Amino acid sequence: MCGCNADDPGEVPGSPPGGTTGGTGLCCACPASDTISQNGNGTYFTTTDYPMPSIVNKCEIDIVRTATDGTVTLTKSFDLSTANLGTALTDTAAKATATSAIASAMSNWTSGASAYKVKIEQPGCDPQELTMVFRSSIVASGGDVAVTVDGSTPPPRPTFVSGGVRMTIFLNGSGSVSWTMTHEVGHTFGLPDEYAEILGVPIVPPPTTPGAPTITPPSVSPTTTYIGAPPQANVTFPLTPRRVSPRRPTKYLFDNPSVMGRDGNTTYPMNLFFWVAIEVKKILAAEGAPSTVTIV
Ligand SMILES: [Zn+2]
């Protein structure tokens with residue numbers, strides 16, 4: 001258990017955790033945890049000039065602290081069902097592939113987060129810098145994310161997440177399964193796409209060179225904003241015109257080079273973890289220990 005006696009050297013004021021404390025704050029090194037269900041759109045991010053739907057982040061957050069450090073473990077549960085497997089693949093094998101891809105994606109997010117810490121400044125305590133750990137669990141039903149593992153050949157579209165809480169994994173999808181899963185798991189954290197496909201301006205007269213683009217970028221300025229828990233400043237950046245959409249030749253692709261933006265990119269900017277600070281702050285406040293929480 002935590003030490004809660006302010007008179008002991010190295011120990012800290014407050015009471016042990018006990019759920020809703022009715023105003024009695026946590027001690028500095030006391031753990032805290034909660035499950036969340038939060039729409040990221042409007043809470044973690046906003047967009048301009050390209051629409052994003054509601055994206056709900058469901059997960060469990062466990063905060064374990066020492067006097068100066070600790071871990072924030074983000075655990076998301078997945079339940080798996082299968083569809084269109086045909087005869088080439090068993091239900092068990094399809095689920096094993098999905099389980100492995102989900103675990104790898106979580107590992108990628110932990111690696112991406114390793115450059116940063118969750119800094120907690122609780123009144124009366126030393127500042128604490130906690131490491132972020134992303135984990136997945138597979139459950140029989142009622143997971144934070146309901147996954148359909150689909151064996152369609154060819155798949156009708158790439159693997160996708162809908163509303164943050166439903167995922168369809170196409171086992172025969174093109175491109176990198178690993179990168180796609182990492183990006184899609186990012187959506188289950190309530191994070192937006194940092195790309196947009198926007199109707200292009202036709203070139204008149206159309207070019208006669210085979211393969212030449214027939215559109216130019218439209219005059220729009222799509223931006224993505226990640227919301228910081230104060231005093232962490234919001235981060236806003238433009239999505240820049242990149243190329244004609246490979247999938248939709250009448251549309252122009254705008255994007256940002258990050259794991260939530262550009263296909264195959266494995267950059268994890270600090271702002272991708274602002275949501276962790278937002279949620280940790282809420283949990284500490286609910287435990288009677290209002291604190292400043294930022295990503296550093
Ligand atoms: Zn996406």
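Arg65 is buried yet has no salt bridge, and Glu287, the nearest side chain of opposite charge, sits 8.9 Å away. That applies to a predicted model, as does everything below. The cut-off matters here: a salt bridge needs a side-chain nitrogen of Lys or Arg within 4 Å of a carboxyl oxygen of Asp or Glu, and Glu287 at 8.9 Å is no such partner for Arg65.

So what does the side chain of Arg65 make a polar contact with? One partner is the side chain of Gln128, at 3.0 Å. Arg65 itself belongs to strand S3, which covers residues 56–65. With neighbours within four places in sequence left aside, Arg65 is in contact with a run of residues from Leu26 through Cys27, Cys28 and Ala29 to Cys30, and also with Gly70, Ile120, Gln122, Gln128, Leu130 and Leu284.

Several of those cysteines turn up again in the disulfides, of which a search of the whole structure finds two. One is formed by Cys27 and Cys30, with sulfur atoms 2.1 Å apart. The torsion about the S-S bond of Cys27 and Cys30 is about 110 degrees, so this disulfide is right-handed. Both Cys27 and Cys30 are buried.

The other disulfide pairs Cys28 with Cys125, and here the sulfur atoms are 1.8 Å apart. Is the disulfide of Cys28 and Cys125 right-handed or left-handed? Its S-S torsion is about -85 degrees, so it is left-handed. This pair ties together distant parts of the chain, 97 residues apart: Cys28 is in the segment before strand S1 (32–39), while Cys125 is in the loop between strand S5 (118–121) and strand S6 (128–139). Cys28 and Cys125 are both buried, too. Another cysteine, Cys59, counts as buried because its relative accessibility is 2%.

Then there is the zinc ion. Which residues are its protein donors? They are His183 (NE2), His187 (NE2) and Asp193 (OD), lying 2.0 to 2.1 Å from the zinc ion. Along the sequence, the donor residues follow the spacing H-x3-H-x5-D. His187 has 6% relative accessibility and therefore counts as buried. Asp193 is buried as well, with a relative accessible area of 12%.

Key
Residues numbered from 1 in each chain as written. Predicted model: local features only at pLDDT ≥ 70, side-chain atom pairs only at ≥ 80, totals over all residues. Heavy atoms only, no water. Disulfide = S-S within 2.5 Å. Buried < 20%, exposed > 50% of the residue type's maximum accessible area, 1.4 Å probe, protein only. Helix = DSSP H or I, 4+ residues; strand = E, 2+ residues; numbered from the N terminus. Lys, Arg positive; Asp, Glu negative; His and termini not counted. Polar contact = N/O pair within 3.5 Å; in protein donor to acceptor, adjacent residues only side chain to side chain. Contact = heavy atoms within 4.5 Å. Donors = N, O, S within 2.8 Å, 3.2 Å for Na, K, Ca; no water.
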